[in-house]
Every structure is written in C-alpha cells, then in structure tokens.
Amino acid sequence: MLRSSETGLLPGFYEVNERCIEMLVNAARHDIRRKFALVAELRELLLRLDPRMRQRAAAHPFLLVDLEFSNIDWWRAAGTYGTQSLRLPLWRGAFPRASAVQLAVSTLMLAWNSLRTDPSSARVLLGMTLPVSEIIADFRFEDIDRIARKRFAYARPRWEDRPRTWRRLLAAAQTHDPKAMGAFRLHAVQLLAGDLLSTRAQEDTSARPSPSP
C-alpha cells in the first residue's frame, strides 16, 4: 500500500509518463528514417495506442522517464557547469527539441517538488539515488530551468535499451488485462530496485581505498 504522501505525488507522475508516451507515439508517426531505436522496435504497438491506452500505460506509481537520476557524476557536472554540453551515446534517438525541452522541464520540476514533499518516497518512485536526490533538492528554481533547457536531450524513456520491457507495458495497456499490467508493474519495480542496487554497489566499490602494494 502507498502512503498518503506518496499517493499525493502520483498525478504528477502520471502526467509526465503520459507526455513521454505521447512523444513516443508522435515519433513512431514521423520518424520515417527510424533513427530512434526504441521507436523502431515498438512502432506497430505505438501506432495502435489510442488516448485511453496511453492513459493506462502512463498510470504507474513510478516514473517512466529518466534524467540521469542514478548518475552522480553527471549531476555534479550539471550543477557546476550547467552551460557545458555533454555528448549523448550514439545509439540514442532524439525527440524534437521543443517537446524534449518540455519533457525535461516537467521531469525535473516533478523531481524537485517530489523530493521536497517526501524525499524517501520520491527517490523510489523516480528511480533516483540518494546522492543525486541531495543535489537536486538543493537547487533553486533558476537552476532547474537552466539545466533542463540546456540538457533536455538527457530526459529519456526509462529502460530505453530494454525494448522488451516497453513491449510488455504497451501490450498490457492495449489488452486492458489487469494481470498483465500487474506483472509489468512487478517487473518494473524489480528493475528499478536492481538498477539502484547496482549503482550503489558501484559507488561503494569506487569509494573504497585502493589496497596497499
């Protein structure tokens, strides 16, 4: 069961999730050259989504968008050198600039507000590590706007390199099968927990002093 503080956060999560899904659908309609790998993989499923299906696909108690929320080095650089551009991996596709900026701004504003409302719950729902959450929660409003507008291309569909996960979500939304949707949610929570645990293990390893020769 979600606590009352968590349920108060959910409408914002649903809204950002739905915005991301709508952007994927639009990319499926217009990305003729198939530069966006995830969209190319899911094109047929995306094109079959009607508004109700998109709402069902978005209504989850976790964020389907990621903004380097487990990458502490990225956020240290973003907070210190907000005007410096970073190169995206070559395998990633790209949303149109205008919609990508909106997604980045709404994602970061949601994260900032959620962390100030209920930080422990927000970290779980966002798939965010503690060190990253401490940086974001300390931002001023102008920091949020500046970073989101400069680094909008990093607001991406979560699990962009795991099309099978997205396929399960979209198929469940189309069939309106509660069991299939429940299975997806369980799978997604396991992925979120696994990713965070893996990141924490890497941070712990890098923090250990090197053995003496």
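User: What helices and strands does the protein chain have, and in what order do they run?
Analyst: Keep in mind that this is a predicted model. The protein chain has 10 helices and 2 strands, and from the N terminus on the elements run α-α-α-β-α-α-α-α-α-β-α-α.

User: And how many of the residues are buried?
Analyst: Of the 213 residues in the protein chain, 43% are buried. As for the surface, the chain exposes about 11700 Å², and carbon and sulfur atoms supply 53% of that area.

User: What does the largest nonpolar core look like, and which residues have the most contacts in it?
Analyst: The largest nonpolar core has 66 residues, and those with the most contacts inside it are Trp 75 and Ile 136. Helix H1, which spans residues 4-30, gives the most to this core, with 11 residues. In soluble globular proteins, nonpolar side chains tend to be buried together.

User: Which residues is Ile 136 in contact with, apart from its neighbours within four places in sequence?
Analyst: Ile 136 is in contact with Phe 69, Trp 75, Leu 108, Trp 112, Leu 115 and Met 128, once those neighbours are left aside.

User: Switching topic, which residues of helix H6 are buried?
Analyst: In H6, which covers residues 119-126, the buried residues are Ser 121, Ala 122, Leu 125 and Leu 126. They lie on the same side of H6, because they cover an arc of only 125° around the axis.

User: What follows H6?
Analyst: Gly 127 follows H6, and its phi is positive, near 65°.

How values were computed
Residues are numbered from 1 along each chain as its sequence is written. This is a predicted model: local features need pLDDT of at least 70, side-chain atom pairs count only at pLDDT 80 or more; totals for chains, interfaces and linings use all residues. Side-chain values use heavy atoms; hydrogens and water are left out. Helices (H or I, at least four residues) and strands (E, at least two) are DSSP runs, numbered from the N terminus. Buried means under 20% relative accessible area, exposed over 50%, partly exposed in between (1.4 Å probe, protein chains only). Accessible areas come from the Shrake-Rupley method with a 1.4 Å probe; for residues, only the protein chains shown count as cover. The arc is that of the directions from the helix axis to the C-beta atoms. A nonpolar core is a set of buried Ala, Val, Leu, Ile, Met, Phe, Trp, Tyr and Cys residues joined through side-chain atoms within 4.5 Å. Contact means heavy atoms within 4.5 Å.
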